Amino acid sequence: MRLPGFIRRHPRVSIVSALVVLLGAGSVLAANAIVVLSSEGDTTSHDPQQLPNAQAALVLGAQVDPDGRMSAMLADRVGQAIALWRAGKVDRVLVSGDHHSFKYDEPGIMREALLRAGVPPEAIFTDHAGFNTWASMVRARRVFEVRSVIVVTQGFHMARALYLARAAGLQASGLDADLRGYGKQGTKSDVREVLARVKAVGSAITHQHVLLGPELPITGDGRTSWGPAPPPGTPAAGAPAG
């Protein structure tokens with residue numbers, strides 16, 4: 001069999017390129033194996049009643065539309081957090097997500113949905129700097145002084161979330177928020193998760209720096225974590241249901 005012309009002319013470059021590809025693929029496979037295997041034996045369920053009690057539900061952020069409407073995934077996470085609260089499984093609900101401007105406020109919109117569902121304001125804590133899963137876990141432990149959580153997210157994300165929760169020092173179980181099909185968004189999330197697990201392992205091993213701030217113990221009044229009210233007319237000021 002004749003080798004392609006480029007390989008015959010540049011054998012060293014071709015060998016190096018092949019090694020880089022193999023090492024990259026190996027890293028992806030190894031990271032995914034670490035995350036998935038570490039989740040074996042984790043306590044997870046679709047049913048809040050099947051989970052042990054914990055200090056707090058940790059609801060991880062997801063996409064919010066420009067009009068302030070929660071994406072299907074985020075709405076389902078919040079719905080499951082409400083079910084946890086009503087089941088008496090948690091004393092507090094910590095919503096953690098991206099809040100890079102008043103116009104984009106995942107935790108604020110989740111908080112408003114919880115309030116409309118009857119969760120008392122003092123029981124709702126907002127983490128405005130949960131820019132990724134690792135940050136949410138580290139901040140839950142170090143800023144909010146949480147010891148035990150029930151992580152609320154979709155199944156594709158759960159193994160990574162619980163892996164990072166343990167790496168951050170949390171005792172964690174998981175409530176699966178897959179309450180419907182998510183179409184193309186679900187497919188994209190499944191694909192992205194393969195690479196996200198590589199980043200997760202790197203963050204856990206290196207203890208990647210996370211923006212912290214004043215301590216806001218989860219045993220206190222959640223309203224101390226809310227921050228300033230959004231200006232009138234911004235989505236979080238009157239967020240619709242998802």
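Analyst: Happy to. A residue counts as buried when its relative accessible area is under 20%. Please keep in mind that this is a predicted model.

User: What makes strand S2 largely enclosed by the rest of the structure?

Analyst: Set its residues against that cut-off: 7 of the 7 residues of S2 are buried, so the strand is largely enclosed by the rest of the structure.

User: How do you know which strands S2 pairs with?

Analyst: Two strands pair if there are at least two bridges between them. S2 (residues 54-60) has 4 bridges to strand S5 (residues 148-153), in the parallel sense. Between S2 and S3 there are 6 bridges, again parallel. Both counts meet the cut-off of at least two. Ala 56 shows both sides: its bridge partner in S5 is Val 149, and in S3 it stands opposite Arg 92.

User: Why are S1 and S4 called edge strands?

Analyst: The sheet is open, with 6 strands in the order S1-S6-S5-S2-S3-S4 and parallel pairing. Strand S1 (44-45) and strand S4 (124-127) each pair on one side only, and that is what makes them edge strands. Helix H5 (residues 133-142) packs on this sheet, where it touches S2, strand S3 (90-96), S4 and S5. The direction of H5 makes about 155° with that of S2.

User: Why does Trp 226 count as buried?

Analyst: Its relative accessibility is 18%, and the cut-off is under 20%, so Trp 226 counts as buried. Trp 226 sits in the segment after helix H7 (183-206).

User: What does Trp 226 contact beyond its neighbours in sequence?

Analyst: Contact here means heavy atoms within 4.5 Å. Leaving aside neighbours within four places, Trp 226 is in contact with Arg 111, Leu 115, Pro 121, Ile 124, Thr 126 and His 128. The C-alpha atoms of Trp 226 and Asp 127 are separated by 8.1 Å, though the two lie 99 residues apart along the chain.

User: How many cavities are there, and what lines the largest cavity?

Analyst: The count is 1 cavity of 30 Å³ or more. The largest cavity holds about 40 Å³ of space, which meets that threshold. Its lining consists of His 99, Phe 102, Asp 105, Arg 111, His 128, Trp 226, Pro 228 and Pro 230. Those lining residues divide into 4 nonpolar, 2 polar and 2 charged.

Notes: Residues are numbered from 1 along each chain as its sequence is written. This is a predicted model: local features need pLDDT of at least 70, side-chain atom pairs count only at pLDDT 80 or more; totals for chains, interfaces and linings use all residues. Side-chain values use heavy atoms; hydrogens and water are left out. On a 1 Å grid over the protein atoms alone, a cavity is a set of points where a 1.4 Å probe fits but cannot get out, and a pocket is an open set with protein on both sides within 12 Å along at least five of seven lines; lining residues have an atom within 4 Å of a point. Grid points are joined across faces, edges and corners, and a volume is the space filled by probe spheres set on the points. Ala, Val, Leu, Ile, Met, Phe, Trp, Tyr, Cys and Pro count as nonpolar, Asp, Glu, Lys and Arg as charged, and the others, Gly among them, as polar. Axes are lines fitted to C-alpha atoms, for helices over the stretch in contact, and angles run from 0 to 180 degrees between N-to-C directions. Buried means under 20% relative accessible area, exposed over 50%, partly exposed in between (1.4 Å probe, protein chains only).
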